[in-house]
Amino acid sequence: MKSPNPTGADTQELVLEIKRLRKTFGQRQVLKGLDIRLRPGQCLALLGPNGAGKTTTIRIVLGLVIATDGEIKVFGKPLPRFLRDVKYDIGVVPQMDNLDPDLSVLENLLVYASYFRIKRKVVRERAHELLSFFALHNRRDEIIQNLSGGQRRRLLLARALINKPKLLILDEPTIGLDPQARLLIWERLEHLRKKGTTMLLTSHYMEEVARLATTVIIIDHGKSIARGRPDKIVKEMLGTEIMEFSGSMEKLEGLEDLLKTCDVLAERVDDRLFVYVKNGCPELDYATRDFPMVVKRPATLEDLFLKLTGRKLRET
Amino acid sequence: MYQVWHRNFRVWLKHIQASLIGNLGQPFLFLLAMGYGLGRSVPEIEGLTYLQFIAPGLVASSVMYGAAFEATYGSYTRLSTQGTFEAILMTPISVQELAMGEILWGATKGLIGGIIMLVTLPLFGVTPSIWSAALIPVLFAEGIIFSALGLIMTAVATNYDFFNYFTSLVITPLFLFSGIFFSLKAIGDPLRQFLYFLPLSSVVELSRTFCYGRLDWNIGLELLNVSFFSISCTVIAIFLLKRRLIQ
């Protein structure tokens with residue numbers, strides 16, 4: 001659907017550049033100086049707990065929320081001045097399904113294309129292409145109410161691509177879907193990414209981020225607290241492995257003391273001790289023998305996320 | 001703007017029957033009950049039989065109802081439960097264009113009802129003059145007034161029940177006191193001036209004037225009043241919808 005972008009050139013214009021973005025709703029500061037840079041062909045994931053400011057950031061880029069302060073450029077053009085211009089080349093999959101229930105599947109694409117002033121002849125062909133690509137072709141005359149959750153999400157994706165966007169914004173694109181439906185969408189998104197589509201993704205699913213994103217930014221309380229390649233960032237900030245010890249307080253405290261000489265990160269959560277291992281540590285191997293209950297596994301993005309944003313429930 | 005209008009038109013075509021009957025039923029029933037029923041025991045007003053007297057006003061009222069209901073219940077559904085407005089605003093369409101598209105659509109829907117009323121009047125023995133054609137732009141401007149008023153309500157509504165205020169405090173009083181069913185000329189002065197100023201009264205007067213080709217100098221003032229209301233209501237509606245949709 002898109003030709004691959006030439007890569008490697010430093011002079012290449014950023015698709016999205018956000019500097020010191022702030023937003024205050026009444027007393028509540030949602031964004032406190034967020035910076036984002038997105039290069040052509042990249043898939044940038046914003047990861048953060050509920051209320052971290054991910055969706056607000058997206059809504060600011062779309063002009064649905066007015067920023068309190070900060071600079072935003074899309075395709076090198078400053079917002080909000082060039083908002084309309086810029087939106088001709090943006091496709092959005094919103095978190096909340098807002099397909100048009102008054103229209104059929106195919107009509108949803110045709111009518112949406114009209115908002116971008118795309119010529120009718122071109123649209124028909126593109127709509128059919130997209131319906132095939134997202135395995136919806138035999139449901140094209142169906143009304144929206146009769147579609148499954150997965151089909152609706154796929155239609156939202158098809159709709160987001162109807163204007164051949166240079167930037168695809170995905171706000172939790174697989175939220176609430178079963179594993180099969182999610183896999184199909186991931187596969188299609190990977191396909192698009194390989195063809196060079198630039199994407200801005202928000203998600204709670206670490207697997208989704210690890211699979212799709214080329215860069216991840218972890219956001220908490222309206223600020224970015226970590227950024228990097230999903231695989232690298234875990235290794236650099238946490239380590240390669242994680243060990244979970246459980247046992248009596250005494251024993252865990254003893255272990256903590258023992259580990260002070262080691263190059264490891266240790267975190268106590270109630271009756272558990274999480275140890276993130278960067279390099280080998282003889283004390284640790286020794287200690288393991290004393291604990292019958294040890295889980296040892298590779299460190300993941302989820303571990304990093306929980307380490308950085310805490311294990312407590314967030315309800316803002 | 002046109003795209004928003006066209007989206008609504010497309011949906012309307014799908015349910016054209018239900019929509020037309022829903023909007024036309026009421027004014028026709030009034031015409032029958034009041035015109036034929038009550039009219040037989042009412043003397044002539046301003047040289048017209050009672051049926052002739054109320055028919056042009058009911059044309060105006062059908063435009064008001066059509067436009068006002070579309071811009072409240074219709075637009076509010078698109079704004080709230082369906083998320084249609086938000087989906088549209090993710091595209092290059094601006095809030096102003098969205099508001100204008102909705103207002104023009106509401107006006108169109110009102111006008112469709114008004115025109116159907118107008119062309120069926122001969123069936124009731126009311127023969128319109130050639131001036132009736134001049135009424136069409138007036139009815140469209142009236143449609144803009146009431147769909148903009150409806151959109152103002154939509155922009156501040158928190159649920160559907162909110163529109164009860166609009167219906168009982170604005171639409172129904174206008175329907176009853178805008179000179180459709182009785183001549184405003186008979187009323188004492190300060191009140192009469194106020195009633196003449198109401199947007200529907202001007203249209204009712206214009207409608208009667210054009211239907212029977214009895215042109216007079218009041219037309220200018222009435223047209224001015226209709227323009228004033230249509231422009232100011234539109235400006236307010238755009239402002240309030242923007243405040244509602246952009247945080």
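How many bridges join strand 12 of chain A to strand 13 of chain A? I looked this up in a predicted model. I counted six bridges between strand 12 and strand 13 (residues 272-277) of chain A, and the two strands run antiparallel. I then picked out one position in this pair: A:Val264 has A:Val277 in strand 13 of chain A as its bridge partner.

Entry on the sheet. I traced an open sheet of four strands in chain A, ordered 12-13-11-14, with antiparallel pairing. I noted that strand 12 (264-269) and strand 14 (294-298) of chain A each have a single partner strand and stand at the edges, so each has one side without a neighbour in the sheet.

Entry on the helix. I found that helix 9 (residues 249-259) of chain A lies across strand 11 (241-246), strand 12 and strand 13 of chain A. I noted an angle of about 160 degrees between helix 9 and strand 12 of chain A.

Entry on A:Leu31. I located A:Leu31 in strand 2 (residues 28-38) of chain A. Is A:Leu31 buried or exposed? I class A:Leu31 as buried, because 27 C-beta neighbours lie inside 10 Å and the cut-off for a buried residue is 20 or more. Setting aside neighbours within four places in sequence, I listed the contacts of A:Leu31 as A:Leu21, A:Arg22, A:Lys23, A:Gly53, A:Thr56, A:Thr57 and A:Gly222. I also checked A:Leu31 against A:Ala67: the two are 36 residues apart in sequence, and their C-alpha atoms are 9.1 Å apart in space.

Notes. Residues are numbered from 1 along each chain as its sequence is written. Chains are lettered from A and ligands numbered from 1 in the order in which they are written. This is a predicted model: local features need pLDDT of at least 70, side-chain atom pairs count only at pLDDT 80 or more; totals for chains, interfaces and linings use all residues. Two strands pair if DSSP finds at least two bridges between them. Two residues are in contact if their C-beta atoms, placed from the backbone, lie within 7 Å. Axes are lines fitted to C-alpha atoms, for helices over the stretch in contact, and angles run from 0 to 180 degrees between N-to-C directions. A residue is buried if 20 or more other C-beta atoms lie within 10 Å of its own, exposed if 12 or fewer, and partly exposed in between; C-beta atoms are placed from the backbone.
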